[in-house]
Amino acid sequence: MHTERRHTELSVVGAREHNLADITVGLPHGLLIAICGVSGSGKSSLAFDTIYAEAQRRYLESVSPFTRHLLGTMAAPEVDRITGLPAAIAVKQLVTAPPEHSSVGTLSQVADLLRVLFSRIGTYPPGHARLLASAFSPNTVEGACPTCAAKGSLHDIDLAAAVPDEGLTIREGAIAAWPGGWLGRNFKHLVESMGIDIDRPWRELPAETRDWLLLTDETPTITVEPEKLKEHISRGYKGKFRSARRYLLDTTVTTGSASIRERTEQFLRTETCPDCGGARIARAALKVRIGGENIAEVTARSLGDLARFIRSSVTSALSGDGSARGHPDSATVDAAAVLLDELDKRISVIDSLGVGYLAPNRPASTLSPGELQRLRLAAHLHSGLHGMVYVFDELSTGLHPADTDHLFTFIEALRDAGNTVILVEHEMETVRRCDWVVELGPGGGDKGGRVMFSGPVAEALAGESGTAARLRNEPALPPWSREGDRAAGDVADGRQRGGRHSAQAWARCSNLRANTLTGLTVEFPVGALTVVTGVSGSGKSSLLRSIASLVSRSGATSLLDDEGPLAMAGVEESSGLAAAKAEGLESFSRVVSFDQSAIGRSPRSVIGTYLGIFDRIRSLFAKTPEARARGYSASQFSFNTATGRCPRCEGLGTITIDLVHLPASSGRCPECEGRRFTEDTLEITVDGLSIAEVLGLSIDAAGACFAEVLGAVDHFEALQRVGLGGLLLGQSSSTLSGGEAQRLRLAAAMRARRRRERALFVLDEPTNGLHPSDARVLSDLFRQIVGEGDTILMADHNMEIAAGADWLIDLGPGAGPDGGRLVAAGAPEEVAHGGVGATARVLRERFG
């Protein structure tokens with residue numbers, strides 16, 4: 001047993017970062033250590049903002065003074081001392097969407113190895129000069145297809161869609177492809193100023209005029225004179241004309257709005273690039289082959305298949321069987337051996353983590369949270385480092401319990417290699433498998449930050465303390481047996497009495513095809529809570545996207561996430577819903593669909609800005625006598641304008657330091673000390689608190705102080721109902737976990753609900769990042785929503801939430817090509833006792 005050996009300690013003395021209450025704790029080296037506690041209790045403050053931050057700061061102190069000067073300073077965490085701290089590596093939750101061009105190949109670094117192999121070992125056409133490895137990447141100047149600019153497709157205007165009614169005049173909107181609002185009026189003014197009759201039906205205009213207005217690449221600057229227009233404008237101006245085609249193509253490239261891009265694409269037709277065939281890579285690189293395939297064809301294979309194919313093909317080429325360049329020299333043979341070994345090692349780890357079915361060319365934006373988590377983890381498991389401190393954030397996030405069991409063996413291997421592994425974890429099943437546990441609490445925010453227990457897990461479980469009870473996390477009864485939760489039984493009974501023709505209303509979606517879904521048919525009860533389960537990669541997110549899109553198409557008002565994958569990424573593009581059929585969706589007048597993508601485009605976006613609370617607070621400060629005397633407006637108290645924010649960090653409160661070969665590090669701004677504002681701004685107070693101190697309050701504390709005076713009682717209540725009361729009002733939205741970001745969106749949606757609407761809420765793993773006790777609070781909220789007549793369709797790996805649902809849809813049986821099929825459906829108790837699939841096994845083991 002690891003706990004029976006003597007270990008040196010990583011000792012933290014007097015930690016006061018964020019809400020940590022001057023705590024002291026010792027963590028034995030060489031063990032698997034879990035830090036747990038309710039949301040907001042200080043887990044990340046201890047693990048990341050204290051231990052990991054100090055390890056980064058010490059690394060920075062070890063470089064030369066000149067280099068340190070170039071990198072800047074990094075503030076030390078609020079702690080008296082930390083001893084026994086080796087170098088540290090942190091793997092945080094991916095709270096932002098992967099970069100636009102990121103793929104499985106780039107995340108796993110397999111793409112880099114393939115490019116070098118094609119460059120050094122590939123079979124070139126006769127007379128073709130050897131290309132650099134960068135020429136095989138669509139993300140470089142030399143590798144990008146020049147015809148489509150590495151997009152893989154070409155857009156051009158759809159003339160029929162651009163002018164759907166030739167009987168209309170330009171003034172009446174004949175050119176539908178032009179935008180509305182001021183810009184659309186501006187285009188009409190410019191055309192009229194050029195002497196073109198905008199009150200003449202489109203079909204009557206000369207053909208050359210119509211072609212020019214729709215297709216020209218010219219962008220003349222036109223002077224608009226009020227006296228030459230029929231429409232009254234106050235003064236003249238100069239504007240730049242763009243044809244409908246030029247406007248559409250420019251907007252597609254420059255817009256950051258998903259809704260504008262969606263509107264623009266209605267007037268474009270998309271064709272595969274004739275030069276690269278959709279591969280995005282220049283033609284010269286596509287002529288280089290290994291085993292008869294170019295790099296685009298190789299990266300379309302699954303990782304597991306790719307490893308076998310490349311080794312076989314390269315071995316054949318090096319033996320002289322397939323090389324068009326003669327017998328390779330010894331340097332090439334040696335380089336190939338190293339590259340093949342490295343490729344095998346990387347793919348072997350990825351395959352062992354259960355995601356070897358992924359193809360390198362698959363966009364990262366289409367991956368599930370669990371798939372992303374395992375790809376990122378694979379790089380660290382492959383590194384072979386020892387004597388390190390690894391800090392993992394919510395390792396079980398996005399993973400089915402069956403996936404977590406498999407993944408945990410690799411975490412144990414990290415420990416057994418001589419590393420100290422720290423897990424910030426909410427999943428009690430995972431915590432119980434660790435060697436040592438530190439529980440922080442007792443509550444969140446200012447009610448947390450204290451050490452409730454620190455010691456071996458076996459010792460914690462042996463007692464009858466609150467920590468032992470929380471670690472056991474045992475429900476008194478199976479969730480389906482609790483009084484008051486009879487909806488599940490009612491749904492199941494109705495299903496048995498007559499299926500979709502009984503009194504219970506049902507929605508049915510059939511022939512769904514997207515990613516791993518291949519003709520899937522599912523149904524779920526209206527006015528009930530349905531949970532979709534299945535191992536990571538089994539098709540849960542694809543199912544949610546498909547259903548949300550179908551409901552939206554049926555005429556329901558849509559409140560869809562603008563930025564993340566639930567905005568139908570991977571569904572519309574593949575025409576996966578073209579043959580889909582739906583019944584019963586007319587029951588919903590509104591669809592509210594969220595995913596786990598980050599909230600806010602600006603790094604200055606905070607929780608208080610999302611529901612408009614911060615705008616009211618800024619106005620409150622601007623109305624104080626001192627602020628009025630100084631002439632301060634509400635913008636003085638915004639960190640998005642230069643008037644009142646700190647000039648050094650520009651209102652961020654932190655300075656980001658590029659550590660060159662290591663991940664960038666952020667530290668507290670030395671000028672404002674993290675308070676974001678200038679000293680003059682901070683001198684204005686309300687109830688004795690500066691604007692920075694108000695932003696430092698938890699949602700619960702800020703609500704108690706300001707909810708009534710701001711007229712925002714319902715704003716704060718919405719945040720508290722979704723379990724976000726322990727978060728800080730001024731906490732950056734970029735730091736929220738996927739589950740927290742989704743619950744923040746849910747809070748906003750609940751405030752906007754209309755009582756008479758019948759809404760479908762589509763949620764993707766909303767309990768991510770929640771302690772079991774917080775998850776139960778959120779479950780109660782789901783019950784309230786369903787009790788008011790709405791329907792919830794959600795994917796989640798929390799088995800207690802699944803067991804308490806009205807209906808379960810279990811997908812699988814595996815991931816990727818082995819998934820996308822219906823394993824079981826029914827009331828949770830039926831699924832559990834049916835014994836089919838991984839979810840049924842877990843439900844039986846945990847709830848009997």
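The model is predicted. Helices α7 and α32 each come with a set of buried residues, and α12 and α13 pack against each other.

**Helices with a buried side**

- In helix α7 (residues 207-215), Thr209, Leu213 and Leu214 are the buried residues. Seen down the axis of α7, they fall within an arc of 120°, so they line one face of the helix.
- The cover over those buried residues of α7 includes β6 (153-157), α5 (159-162), α6 (181-193) and α8.
- Helix α32 (residues 838-847) buries Thr839, Ala840, Val842, Leu843 and Phe847. Their arc around the axis is only 165°, which puts them on the same side of α32.
- Packed against the buried residues of α32 are α15 (401-416), β16 (529-533), α30 (799-803), β26 (807-812) and α31 (828-834).

**A residue of α8**

- Thr251 sits in helix α8 (residues 244-254).
- With a relative accessible area of 8%, Thr251 is buried, because the cut-off is under 20%.
- Leaving aside residues up to four places away in sequence, Thr251 touches Ile260 and Thr264.

**The α12 and α13 pair**

- Helix α12 (residues 303-318) and helix α13 (residues 330-352) pack at an angle of about 165°, their axes 10 Å apart. That makes α12 roughly antiparallel to α13.
- The crossing of α12 and α13 is left-handed.
- Residues making the contact include Leu303, Leu306, Ile310 and Arg311 of α12, and Val333, Leu340, Asp341 and Ile347 of α13.
- By type, the contact residues divide into 12 nonpolar, two polar and three charged.

Terms used
Residues numbered from 1 in each chain as written. Predicted model: local features only at pLDDT ≥ 70, side-chain atom pairs only at ≥ 80, totals over all residues. Heavy atoms only, no water. Buried < 20%, exposed > 50% of the residue type's maximum accessible area, 1.4 Å probe, protein only. Helix = DSSP H or I, 4+ residues; strand = E, 2+ residues; numbered from the N terminus. Arc of directions from axis to C-beta. Contact = heavy atoms within 4.5 Å. Axes fitted to C-alpha atoms, helices over the stretch in contact; angles between N-to-C directions. Parallel < 35°, antiparallel > 145°, perpendicular 65-115°, else oblique. Left-handed = near helix turned anticlockwise from the far one by under 90°. Nonpolar A, V, L, I, M, F, W, Y, C, P; charged D, E, K, R; others polar.
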